[in-house]
Every structure is written in C-alpha cells, then in structure tokens.
Amino acid sequence: MAPKKVSKRHSTEVKPESLEKLRKGTDNGDGGSTWVEPTTVIVKPPDQLNLTEKELEQEFTRVLSAKDPVAPQNIVRFSFKERLYKLDPSVEQCAQHFEMEGNLLHRESEDGKRIVAEVEARKIAEQRAVEMAQMGAPETSTEFSGGESKKLRNQFNYSERACQTFNQPLRERATITEPPPSLTINCQVNQWEIFDAYVEDVERQKLLKERAASQQQAKKSVANKDDAEHDHDDGDMKEGAKDADIVHSAAMSRSLKIMERMVNQNTWDEIAQDYKYWDDQSDSFKEGEGTLLPLWKFWTEKVRRKHVTALCWNPEYNDLFAVGYGSYDFMKQGSGVICCFSLKNPSHPEYSFTTETGVMCLDFHPQHSSLLAVGCYDGTVMIFDIRNKLNKPIFYSTVKNGKHTDPVWQVSWQEEDLAKNLNFFSISSDGRVTLWTMSKSELQYTDVMELKLVGITHGPDDNSEETSLVGLAGGSCFDFHGSSEHLFVVGTEEGKIHKCSKAYNSQYLETYNGHYMSIYAVRWNKFHPRIFLTASADWTVKIWDHTQKQPLMSFDLGNAVGDAAWSPYSSSVFAAVTNDGKVHVFDLAENKHEPMCDQKVVRKSKLTHVVFNPKQPLLLVGDDRGGVLCLKLSPNLRKTEEVRSKEKAAASSGSAGADAARKPPAKKRAHEGEQGGAEEKVKSAADMEIERLEKILGLDENSAR
Amino acid sequence: MNYPLVRVRGEQRACYGSDLSAYKHTDMKEEMRAEAVEVIVSSVEKFQNKYDLAAKVVKETMDKKFAPNWHCIIGQGFGFEVMCERNSLLYMFLNGNLAILLFKF
C-alpha cells in the first residue's frame with residue numbers, strides 16, 4: 001500500500017514540470033492552435049522495487065490488531081497503598097501519529113445543515129431587498145436605508161464629550177531620623193588573655209580585701225580613740241593601721257602636713273602679711289587710743305559647743321599655743337579636748353588630745369616645753385607629753401593619789417625641786433592648793449594649803465569653829481610671785497583674795513576684801529614685785545599692792561570679766577575680756593581711767609580667756625563657742641619704756657621724729673634688748689618700767705604712808 | 001555559699017551560678033547587665049560545649065527582652081571589630097576559658 005502512495009505523490013509533484021512545458025509551448029506558439037493536452041509522465045524513484053505483474057497480483061493477508069508490539073508489557077509500579085511493587089496489568093496500546101483540528105463541517109451533519117440554511121436565507125433576503133429597491137417603494141427604501149445607515153455608520157462621525165479634571169500633584173514627604181548612637185569596638189581574645197584577666201582579677205580582689213581589713217582596723221582604732229579609753233592596745237592598734245597602708249603612713253602624713261601648711265599659707269596670705277607688716281596708721285595721730293586687728297580664727301569641728309577654758313603659749317615655739325576646751329556650765333558637762341595650734345596652720349590643730357571630762361586649765365612647762373599640765377573638771381590633773389602624740393597622758397592623778405574632788409581651776413609649773421623632779425601646783429574648788437611632783441613612775445601630791453573660810457565679822461576665837469563646820473573656801477585662781485618664789489596669791493569663789501606662802505600651810509599672810517563675786521583671774525605684774533591685778537565676775541578689774549589691804553585701782557567694765565592679763569612688754573599695760581564679747585586694753589601710762597581700746601571682737605559669744613604672746617604683739621582670746629581669735633595690737637597699745645623715753649627725748653629736742661620712733665623695727669629692737677643678753681639694758685628697762693608704774697599708781701606716797 | 005565576685009568598674013557584686021566570671025568591659029545599664037549576665041550564664045551552663053546553641057539562645061532571649069537585633073559571640077578565642085549601639089555592649093569572660101561578646105545593633 002505504502003509504495004503505491006509514494007508513487008502517486010511523485011506523480012503529483014511532477015505536475016509543475018509539465019506546466020512549465022505547457023507554458024513554453026504557449027510562449028513559442030503564436031495562438032491557441034499550439035495548445036497541447038498535458039500528459040502524465042510517471043516518474044519512479046530509482047530505488048523502487050520492480051515487481052512483475054504476477055507479483056503485484058499476489059495477495060498478502062495481514063491481520064491488523066490493536067496491539068502495540070513495542071509497548072512494554074511488564075511495567076511495575078510501587079503501590080503506596082500496599083507498600084510494595086506491583087505489576088501494572090493495563091498496557092497502553094494506543095499510539096497517536098498525527099492530530100489536527102479541522103474547521104470543516106460535513107454537509108450532512110446537523111451543524112452543516114443549519115449553516116447552509118442560514119446562508120441561503122441571507123441570500124434570499126438580499127435578493128428581495130434588491131427587488132424592492134428596483135420597485136421603488138419609498139417607505140420601505142427609507143426603512144432599509146435606515147437600516148443600511150445604521151450598519152454603515154461613519155466611524156468618525158461621533159462627538160466625544162469629556163472634561164479634564166485637575167490632577168492632584170503628588171507630594172513625597174519623608175524624614176530621616178538620627179541613627180541610634182553607636183560605637184565601634186575591637187578586640188582580640190584567646191586563652192592566655194583570658195587567663196591573664198583572671199589572674200589580674202584575683203590579685204585585685206586580694207588587694208580589696210586587704211584594704212577593707214585595714215579600713216576596719218583603722219575604724220576600730222579611731223573608735224578606741226573616740227572612747228578615750230587609755231588602754232595600752234590603743235597605741236599598738238594605731239601603729240598597726242599605720243603600717244597597713246601607705247595612705248596612713250608616717251611619711252604620707254608628713255608630706256600631707258607640709259601640703260596643708262602650703263595651702264594654708266596661700267589661703268591666709270593676706271592675714272600673714274597683715275600680721276607681719278600692717279600697723280594701724282591712725283595710731284600716730286590718735287593719742288591715747290589703740291585698735292586690735294583680728295587675724296586668724298582657730299576652730300575645729302571637734303570642739304563644737306565647748307567653751308575655751310584655757311589658753312597657753314608654748315614658751316619655746318612662739319607660734320604654738322595650747323587651747324583647753326571644756327564647759328563652764330554645770331549642767332552641760334562633756335568630754336574635754338586639748339588642741340595645740342600653730343599660727344602657721346589655722347585650719348587644723350597640730351596636736352589634739354581628748355579627756356574624759358572637760359579641761360579647765362593647762363600650762364606648758366617653761367623649760368621642758370613639750371610638757372603640758374592639765375586640770376580637769378572632775379578634779380584630775382594630768383601631764384601630757386605632746387611629743388608622744390598619743391591620746392594618753394604620761395601621768396595623771398587618781399582617787400588613790402589624792403586627786404581633787406572639784407574642778408581644777410588653775411595649774412602652774414614650778415622650778416625643779418632639790419631632787420630635780422618636776423613639780424607643779426594646782427588649785428581647785430575643793431579648797432586645796434596641791435603640789436604635784438613627777439617622780440619616775442607616779443605623780444606624788446602634797447597639799448600646800450587648805451583654803452579656810454574667813455569671815456569678816458567673826459572674831460578670831462569662833463572663826464576656827466566655823467571653818468571646821470562649813471568647810472573650805474573654793475579656790476578659783478592663783479598666781480605665784482615672780483621673784484620671791486614662796487609667795488602666791490589665791491582668788492576664791494567667795495570673792496576674797498588671800499596672800500599665802502608655801503612655808504605656812506595653815507595661815508594666810510593677808511586677806512584682801514574687795515570683790516563681791518567669784519574671782520576669775522589673779523596675776524602678778526610682770527615687772528613690779530608688789531603689784532597684782534584681779535578680775536572678777538562682779539564686773540570689775542582691780543589693781544592691788546600686796547602690802548595694802550585696799551585696792552589701788554578699780555575699773556568697772558560693765559560685764560563679768562572672764563580673764564585679765566598683764567602684758568609682757570610693759571608694766572602698765574593689761575588686757576581684760578568680758579562676757580559681752582569685748583576686749584579691753586588699758587595702758588595706765590596713757591589713761592588711768594579709760595581703756596585705750598574697747599573693742600567687740602566676737603558677735604554673740606562670751607569671751608572667756610585672754611593671753612599675751614610672750615614675744616610678738618599678739619593677743620589670743622577664747623570664747624564660749626570653742627573659737628580662739630588672734631588679735632594684733634596696734635602700735636599705741638604696745639609702747640614700751642624705751643619707746644616712750646625716745647618719744648620724750650624727741651619731743652623735748654623738738655624734732656619731729658616721733659613717728660619714726662613708733663615704727664615696729666625700733667620696738668622690735670627694744671623687745672630683743674629686753675629679752676636678750678644685754679644685762680644692763682634689761683635692768684634699766686625693767687627699772688624704768690617699775691618706776692613708771694609706781695609713778696602712775698602713786699605708790700611712793702602710799703608706801704611712805 | 002561563697003559567690004565569686006564580679007567586677008564592674010571597680011564595684012563588686014555576687015554573680016550567681018557561675019564558677020568564675022569577670023567583666024572585661026561593659027557600658028550597659030545596671031538592670032540590663034544583670035539580666036544579660038543571668039541569661040548568658042544560664043545558657044552556657046545549659047548547653048555546655050555547644051557554644052553555637054548557647055549563643056543562639058542568648059541572642060533570642062535578649063531579642064525578646066530588649067528589642068531585637070542582638071548579637072552574641074561565644075568562644076574560646078576570636079577577634080572582632082564590631083559597631084554597636086551605645087549602652088548595649090557586654091564583653092565578659094566566663095568559666096575561665098570562655099569569652100563572650102554580646103551587643104546590639
């Protein structure tokens with residue numbers, strides 16, 4: 001079958017050749033006469049089998065079945081249902097060789113018939129329309145033309161209606177926020193670095209532990225200090241703490257001390273300049289008046305709400321002084337403090353010691369300047385060695401070795417005795433004047449005087465009875481005579497003054513009546529051997545000659561006088577402080593009745609004590625709030641005999657050199673002359689001082705009388 | 001029980017549950033740091049030698065607790081140069097052999 005088909009196809013393909021021939025024939029010929037009928041030429045492919053007629057006639061019977069011999073018979077599929085491979089029984093026999101979608105329809109089919117009918121119907125309709133048009137029926141033609149026009153509508157014949165709306169312009173809005181703050185970090189880590197970090201950490205922790213331990217120890221020692229328990233461990237503990245860390249070591253404290261002084265020097269530079277060089281210029285034309293220039297104020301937190309009860313300059317170091325703090329208020333007693341300040345460091349005491357009860361008095365030893373005798377409110381006397389810096393006295397009196405039973409009001413060092421033992425006196429309200437001797441191991445006491453009460457009106461016989469019943473007078477102050485060393489005067493709380501001698505312990509050499517209230521201070525004149533002054537709560541300061549029973553002079557200061565002191569440079573100058581905060585400085589040579597200077601130096605507190613510096617023109621005053629104020633005396637307040645005589649000489653010669661004579665260098669020289677080696681000069685100066693005072697007080701006539 | 005001390009800029013505080021840990025550097029705030037240390041210590045303890053898992057847990061926990069994008073590196077030795085937000089860096093050593101870097105960016 002197939003070869004036949006092939007031949008047929010070949011024969012059809014040949015056709016164009018014959019057409020070409022045909023065309024040639026028409027081209028060549030000159031009319032239709034040359035037209036040749038096309039002939040079919042059978043062209044066989046060269047490899048076509050040449051079969052004989054017989055062979056062609058032969059019939060081969062072939063049965064065609066729907067079985068695909070190539071289709072695989074043994075397809076095996078995995079059955080998920082039964083979870084095994086299974087032979088697929090159905091074999092796909094269908095093979096599709098060619099497929100084409102056609103759009104031809106069979107004429108006889110339903111669809112074909114329908115389409116033929118439609119086409120014919122349209123043809124008929126057209127024909128009828130043409131016929132009608134020929135007939136010329138207007139109605140129908142219009143009708144048709146309408147239909148026609150509808151159909152053939154001009155595609156451009158329409159009007160478009162539209163309007164353009166306003167386009168909203170687009171707006172883009174954005175903000176950029178700050179990126180969160182970042183940082184870049186880089187590092188490298190490995191095992192040995194981690195190890196190092198741990199080792200370092202362990203060491204640091206060890207250090208911290210040590211520091212904590214030492215701090216605790218320090219705290220303990222401080223606590224001990226505060227307790228003021230004089231147990232022996234105290235020193236050792238502090239010592240241990242000092243060794244523990246560098247910050248609290250001795251070397252560090254030394255450098256800190258230097259630093260502190262440097263800072264203070266800077267801070268108080270102006271005051272230091274004033275102290276050294278400034279003098280009140282108005283003094284040169286103000287006769288009989290003087291001023292006090294306040295310099296440093298010494299105060300520490302430790303002494304808040306304590307009274308300054310004692311002031312004492314160190315005899316060796318002119319810038320060092322000790323201040324005793326306690327309380328004069330019977331109801332408000334507390335612990336006591338002793339602070340040693342230096343003028344070079346007003347902010348912090350050089351040394352400080354605490355005592356169980358308030359300090360009432362203190363005194364530096366004139367030769368052994370580190371020894372400080374202290375009397376307390378509970379009657380104890382102590383000796384501190386300030387070199388030790390321990391918060392512990394080297395000697396102190398106990399009930400066993402005869403301590404006073406009432407506050408000790410004054411202590412005073414004496415010359416060494418025959419055995420070269422140091423000794424000092426103390427006076428107390430319990431009526432005893434006691435001599436304390438420092439032996440090697442303990443403090444020995446001797447009662448030098450018992451202050452018996454003396455009635456003015458009583459006769460000598462009933463006097464002894466009375467005293468034994470009533471008891472003893474309360475001593476409040478005393479002072480030893482400068483030259484005749486057995487002699488001393490005692491002031492009492494009753495207002496009486498007794499002249500006593502160390503030699504007679506039962507009797508007064510003399511009793512002076514004149515004060516009506518407690519006597520706070522009694523002082524011998526620094527130059528004149530017979531003159532002393534007393535300061536009392538009855539508002540007066542009185543000047544006495546110990547040979548006379550009546551006072552030579554009396555000054556009413558208008559308020560209780562806390563303390564009074566003679567100046568060390570002039571026989572006629574003394575200072576007194578009163579409860580209203582005023583310092584009164586008198587120069588009897590200038591004015592016998594009124595003070596040279598009457599200056600309020602503290603605002604609210606009461607002044608309790610006053611003391612002159614032995615060398616410098618300085619005055620220390622203490623108040624009842626723990627403050628100590630340093631004052632500088634103006635030139636008019638510190639005139640010595642030498643200055644005066646020079647002035648007098650200048651005045652008599654009529655030259656105008658008075659001013660020059662007042663200048664500090666001259667005065668300073670005078671001081672040096674007084675204190676220094678020039679024996680004659682000292683004598684003459686001292687004698688002149690005595691003479692002057694006698695003249696002032698009119699003692700020549702008095703003694704003659 | 002004696003807790004080892006953790007040092008942060010000189011101050012000391014006890015760190016719970018770890019053998020020994022030390023801050024090398026941190027600029028975190030107090031609460032965040034405490035939280036972070038706790039997370040790190042517990043996760044390292046939980047996952048022992050699986051540092052990757054521990055780091056993942058730390059990162060996820062921190063993301064949950066303090067807003068996302070935390071990064072955590074745990075290892076015995078590494079180098080890094082990172083950019084991170086301020087007040088969110090913690091670099092610490094743990095257990096004597098681990099370095100831990102935790103930061104946010």
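# Notebook: chains A and B of a predicted model

**Entry 1. A loop residue in chain B.** I began with B:N95, which lies in the loop between strand 6 (89–94) and strand 7 of chain B. The model is predicted, and I read each value below as a property of that model. I looked up the backbone of B:N95 and found phi near 55°, a positive value in a residue other than glycine.

**Entry 2. Chain B as a whole.** I counted two helices and seven strands in chain B. Along the sequence I noted the order β-β-β-α-α-β-β-β-β. Chain B has 105 residues, and 49% of them count as buried. For contacts in chain B with a separation of 6 or more, I found that 51% are between residues 24 or more positions apart. The accessible surface of chain B is about 5,500 Å², and carbon and sulfur atoms hold 50% of that surface.

**Entry 3. Helix 2 of chain B.** I next examined helix 2 of chain B, which spans residues 51–65. From first to last C-alpha, its 15 residues reach 21 Å, close to the 21 Å expected at 1.5 Å a residue. Which residues of helix 2 of chain B are buried? I listed B:Y51, B:A54, B:A55, B:V58, B:M62 and B:D63. These residues lie on the same side of helix 2 of chain B, because they cover an arc of only 165° around the axis.

I then asked what the buried residues of helix 2 of chain B pack against. Their partners are helix 1 (30–47), strand 4 (70–75) and strand 7 (98–104) of chain B. On the other side of helix 2 of chain B I found B:D52 and B:K64 exposed. After helix 2 of chain B comes B:A67, with a positive phi near 55°.

**Entry 4. The contact between the chains.** How many residues does each chain bring to the contact? I recorded 20 residues from chain A and 30 residues from chain B. Chain A and chain B bury about 2,200 Å² between them, with 59% of that area on carbon and sulfur atoms. On the chain A side, A:L183, A:I185 and A:Y198 lose the most area to chain B, and together they make up 29% of what that side buries.

**Entry 5. Chain A as a whole.** I noted 14 helices and 31 strands in chain A. Of its 705 residues, 38% count as buried. Contacts between residues at least 24 apart make up 50% of those in chain A between residues at least 6 apart in sequence. Chain A exposes about 45,300 Å², with 53% supplied by carbon and sulfur atoms.

Entry 6. I located A:R83 in the loop between strand 1 (76–79) and strand 2 (84–87) of chain A. Its phi is near 60°, a positive value in a residue other than glycine. A:R83 is exposed, with a relative accessible area of 68%. I also checked helix 3 of chain A, residues 110–135, where 26 residues reach 38 Å from first to last C-alpha, close to the 38 Å expected at 1.5 Å a residue. Helix 3 of chain A is followed by A:G136, which has a positive phi near 80°.

Strand 29 (607–612) of chain A runs antiparallel to strand 30 of chain A, with five bridges joining them. A:L607 stands opposite A:D623 in this pairing, and a hairpin of five residues links the two strands.

Strand 30 and strand 31 of chain A are likewise antiparallel, joined by five bridges. I noted A:K632 in strand 31 of chain A as the bridge partner of A:L618. Four residues separate strands 30 and 31 of chain A in their hairpin, and A:G626 in the turn has a positive phi of about 85°.

Strand 31 (628–633) of chain A also pairs with strand 4 of chain A, in the antiparallel sense and over five bridges. There A:L292 stands opposite A:L633. Strand 4 (292–298) of chain A is mostly covered, with five of its seven residues buried.

Terms used:
Residues numbered from 1 in each chain as written. Chains lettered and ligands numbered in written order. Predicted model: local features only at pLDDT ≥ 70, side-chain atom pairs only at ≥ 80, totals over all residues. Heavy atoms only, no water. Buried < 20%, exposed > 50% of the residue type's maximum accessible area, 1.4 Å probe, protein only. Contact = heavy atoms within 4.5 Å. Areas by Shrake-Rupley, 256 points an atom, 1.4 Å probe, with all protein chains shown as cover. Expected span 1.5 Å × (residues − 1). Arc of directions from axis to C-beta. Pairing = 2+ DSSP bridges. Buried area = accessible area lost by both parts, 1.4 Å probe.
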